[in-house]
Amino acid sequence: MAVKEPRANVTGGSCHRNIEDYGIIGNMLTAALVGKDGSIDWLCLPRFDSPACFAALLGTPDNGRWKIAPRDENTLCSRRYLDGTAILETRFETVTGVVTVTDFMPLSAEPGKTNLVRIIAGERGQVDMQMELILRFSYGQAVPWVQRRDYGLSAVAGPDTVHLHTRLALKGEGKTTRSRFTISQGERLSVTLSYHASTLVPSFVPDSQESLQQTTNWWHEWSKRERHPGGPAHWQRALERSLITLKLLTFEPTGAIIAAPTTSLPERIGGQRNWDYRYCWLRDSALTLLALLQAGYRQEAEAWRQWLLRAVAGDPDQLQIMYGIAGERWLPELEVPWLAGFEQSKPVRIGNAAASQMQLDVYGELFDTLHGARVAELQQRNEAWSLQKVLLTTLAQKWQIPDQGIWEVRGPARAFTHSRMMVWVAFDRAITAAEQFHLDGPVDEWKGLRAMIHDDICQNAFDRQKNSFVQYYGGKTLDASLLLMPQTGFLPPDDPRVLGTLEAVENELLKDGLMLRYSADDAQDGMDGGEGAFLVCSFWLADAYVLCGQRDKAAIIFERLLALRNDLGLLSEEYDCVAGRMLGNFPQAFSHIGLINTAHNLLRVDGPARERAQRRG
Ligand SMILES: OC[C@H]1O[C@H](O[C@H]2O[C@H](CO)[C@@H](O)[C@H](O)[C@H]2O)[C@H](O)[C@@H](O)[C@@H]1O
């Protein structure tokens, strides 16, 4: 259901609205963020990780945007996705009438070509409208060569060409293309932006209405495949939206899954915790895959496994924690000096230096996921098992090396408890896989290592005074990732050390009812200033409650988290409880994975947390 709300100051010159004011549309090659005010402020072409041609999200309108909205700024705005689709409809109500703008990206038949269609429909009375198109390639910097065409216009900037197809009268004003028009009840107009590489031939959308129908049908077919766990209607709607959002974060040509389609949406307004998430983290994508798999989406799981085997192929010592969407390894981190940043949160970064970090937990996530895939009877692949055996040989040598941990700290490397626990998971799942599926390997040796790692963690990471495990060996601080202990099967949920940790984490990291991932003040994570509550950690708290038999508390926190979603059902990475607004990249896979898993944990006796714990050897 669309939520009607008054719009304040959303059509003025500044682009800065809240993160939750955006919706996402996409075609599994790239994605765009559409503001409540009808402005598309973020679009990278041709791929998720390509330079943006609309970058107003991280700067000013002059960094590129495409806005279609009533001329009258005094409008009521509401929006919704068409049921079971990624097609976004924004409805504007003015004193003279009502108009809807329907935005979508048809699925591309040719890789590298993208169309973005906007259909404007008069619903009641008459509405005076305006369109403003500011194309700035190369992350909001390069002004293209624009030419008028009988179908609209073409714009070329080096490797990139777009065409605008429309019957609207266009007018060039400075470096902006504008159109003013009136739409009456029953009238429909459409504008399509078509992208292709400058050396290729364009592909047009001949009939926008037909394309809308085809795109709707495609999404309906996809949504129908979902395995519903039942539950209250609003939970089911939330699950469906989260699954569609995860699907939008998959890169169809390779099967890669990105962490989020944006870069540098800040984890603290005005701060420097601004990172590029348009890449494929082994951790995030493995967890996405498990979430898709349990909802019945096996095809995506198989495609990701193929991506994985290609990406990590080669020398096991060169395993990275993240890759580009085609498996690229070199993701140098650069700053974009001409973009002012979301609400002046600088720098804007592209690329991510975390790619060269050591994070031992990824081994555990990989092994857990590959084991989950085997259990789900995805097609068996011998090369996957060969790769796993080689990785364990490397891991056996380096599991004691301090690392950067799940949170990718930029401070000192440490013996992080979560990293070591996930190393234990890697050996544990390998043992289970070998025994359950009769796969060959030095199982006794692995069992010895598994026992040694377990003892090591229990001796060095448990603080008797606090009656809790701690973030790293010898440390005093806590970490929300410790909540995963019972669901990895490392210790049973009724173990007094697990219950002690749950209580300590609640006491120290639960702020305003939401979880911090750690206390940034004493974490020495290499960055200044704190950050918001990290949403996936609150879902983990709910999962721990379910496992520890505190289901009512789990349901309360789950409802609280559902209420934080924006009016379209989307979540960013973090939440600022004081300001009551979203923080961090958006929409973020991690947060939506959390939502899906917790819903299943609450609804099914054999939910994913319990299922995961039972994978223990
Ligand atoms: O907080 C510092 C780090 O923040 C980012 O990493 C976070 O996002 C990743 C993708 O969702 C996730 O895998 C990781 O656990 C999170 O901490 C950023 O990408 C890093 O460069 C940065 O060091």
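Author: Asparagine 467 counts as partly exposed because it has 14 C-beta neighbours inside 10 Å. On this scale, with C-beta atoms placed from the backbone, a residue is buried if 20 or more other C-beta atoms lie within 10 Å of its own, exposed if 12 or fewer do, and partly exposed in between. The model is a predicted one, in which local features need pLDDT of at least 70 and side-chain atom pairs count only at pLDDT 80 or more, while totals for chains, interfaces and linings use all residues. Residues are numbered from 1 along each chain as its sequence is written.

Asparagine 467 is placed in the loop between strand 23 (462-463) and strand 24. Helices (H or I, at least four residues) and strands (E, at least two) are DSSP runs, numbered from the N terminus. The backbone of asparagine 467 has a positive phi, near 55°, although the residue is not glycine. Histidine 438, also a residue other than glycine, has a positive phi of about 55°. Its place is the loop between helix 8 (417-437) and helix 9 (443-460). Histidine 438 is classed as exposed because 7 other C-beta atoms lie within 10 Å.

Leucine 483 counts as buried because it has 27 C-beta neighbours inside 10 Å. Leaving aside residues up to four places away in sequence, leucine 483 touches Leu502, Val505, Trp540, Leu541 and Ala544; two residues are in contact if their C-beta atoms, placed from the backbone, lie within 7 Å. The C-alpha atom of leucine 483 is 41 Å from that of proline 106, which is 377 residues away along the chain.

Helix 12 comprises residues 535-547; its 13 residues should span 18 Å at 1.5 Å a residue, and the 19 Å between its end C-alpha atoms agrees with this. The expected span is 1.5 Å times one less than the number of residues. Because 13 of the 13 residues of helix 12 are buried, the helix is largely enclosed by the rest of the structure. After helix 12 comes glycine 549, with a positive phi near 80°. Further along, a cis peptide bond with omega of about -20° joins phenylalanine 586 and proline 587. Proline 587 belongs to the loop between strand 29 (581-583) and helix 14 (589-603).

Domain 1 covers 5-206 and domain 2 covers 235-610, with bounds that come from an automatic or database domain assignment. Their C-alpha centres lie 34 Å apart. Contacts between them involve 29 residues of domain 1 and 35 residues of domain 2. On the side of domain 1 that touches domain 2, strand 2 (22-26), strand 7 (76-81) and helix 1 (137-140) are the elements that give two or more residues. Strand 2 gives the most, with four residues. This side of domain 1 divides into 15 nonpolar, ten polar and four charged residues, where Ala, Val, Leu, Ile, Met, Phe, Trp, Tyr, Cys and Pro count as nonpolar, Asp, Glu, Lys and Arg as charged, and the others, Gly among them, as polar.

Another cis peptide bond joins leucine 45 and proline 46, with omega of about 5°. Proline 46 sits in the loop between strand 4 (39-44) and strand 5 (52-54).

Strand 11 (residues 145-149) pairs with strand 12 (residues 152-157) in the antiparallel sense over five bridges; two strands pair if DSSP finds at least two bridges between them. These strands form a hairpin with two residues between them, and glutamine 147 stands opposite serine 154 in strand 12. Strand 12 also pairs with strand 13 (residues 160-166), again in the antiparallel sense, over six bridges. Here alanine 155 has valine 162 of strand 13 as its bridge partner. The hairpin of strand 12 and strand 13 has two residues between the strands, and glycine 158 takes a positive phi near 60° in it.

Finally, tryptophan 219 lies in helix 2 (residues 208-224). Tryptophan 219 counts as buried because it has 21 C-beta neighbours inside 10 Å. Apart from residues up to four places away in sequence, tryptophan 219 touches Gly84, Thr85, Ala86 and Ile87. The C-alpha atoms of tryptophan 219 and alanine 86 are separated by 7.2 Å, although the two residues are 133 residues apart along the chain.
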